[in-house]
Amino acid sequence: MASKNLKMIVFDLDRTLWQVRVDKEVTPPFKRNSNGVVVDSCNYAIDYYPQVPQILQKLYDEEYTLGVASRISETKGARQLLKLFEWDKYFSYLEIFPGKKTKHFNNLKKQSGIDFEEMLFFDDRLRNIQDVSALGVVSVFVRNGVNKLVIEEGKQQFAACLKTSVVNNHNSI
């Protein structure tokens, strides 16, 4: 069996890339105000985690396929924020709809042709981590938003799982 390489990195949105729950804490539609700040309809500023733009650019430059898997019910607002933050250019796949993350990942696999074992996932909800891990996706629990350290730890976790898989495959021969 050939070893699998990391091909796709998938992110949740709320409390993972940005600091709010779009369907609970802010009021769409969103726009840029005169100062260039992204705000909701009540003029509340929508913040993302500070290192996210650099991280997305770097992963994109490293030619990873990037995807979103979000259970949010405010799908239009989430897509609007991706566009306003100018992150939509990085993501090849957007699975943004209510439901189980396993459905998102089955769609990602079908659309991309990338196996679960070639994916890395970041989310702030433990139940999503558990559900997606059961599919064979290396999944990383994010406590305080995505940052460079979280990404590096995720890549290391993926590499460790890959080594374990290769060792197990050799032992079964």
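Residues are numbered from 1 along each chain as its sequence is written, and side-chain values rest on heavy atoms, with hydrogens and water left out. Because the model is predicted, local features need a pLDDT of at least 70 and side-chain atom pairs count only at pLDDT 80 or more, whereas totals for chains, interfaces and linings use all residues.

Most residues other than glycine have a negative phi, and most peptide bonds are trans. The bond from P28 to P29, however, is cis, with omega near 5 degrees, and P29 is found in the loop between β1 (8-11) and β2 (31-32); helices (H or I, at least four residues) and strands (E, at least two) are DSSP runs, numbered from the N terminus. R15, whose phi is positive and near 60 degrees, has its place in the loop between β1 and β2. N43, which is not a glycine, has a positive phi of about 70 degrees and is found in the loop between β3 (38-39) and α1 (52-61).

Relative accessible area is described here as buried (under 20%), exposed (over 50%) or partly exposed (in between), with a 1.4 Å probe and protein chains only. R15 counts as partly exposed because its relative accessibility is 27%, and N43 is exposed at 52%.

In helix α2 (residues 75-84), the buried residues are G77, A78, L81, L82 and L84. These residues lie on the same side of α2 because they cover an arc of only 170 degrees around the axis, the arc being that of the directions from the helix axis to the C-beta atoms. The face turned away from this buried side carries the exposed residues K76 and K83. After α2 comes E86, whose phi is positive, near 65 degrees.
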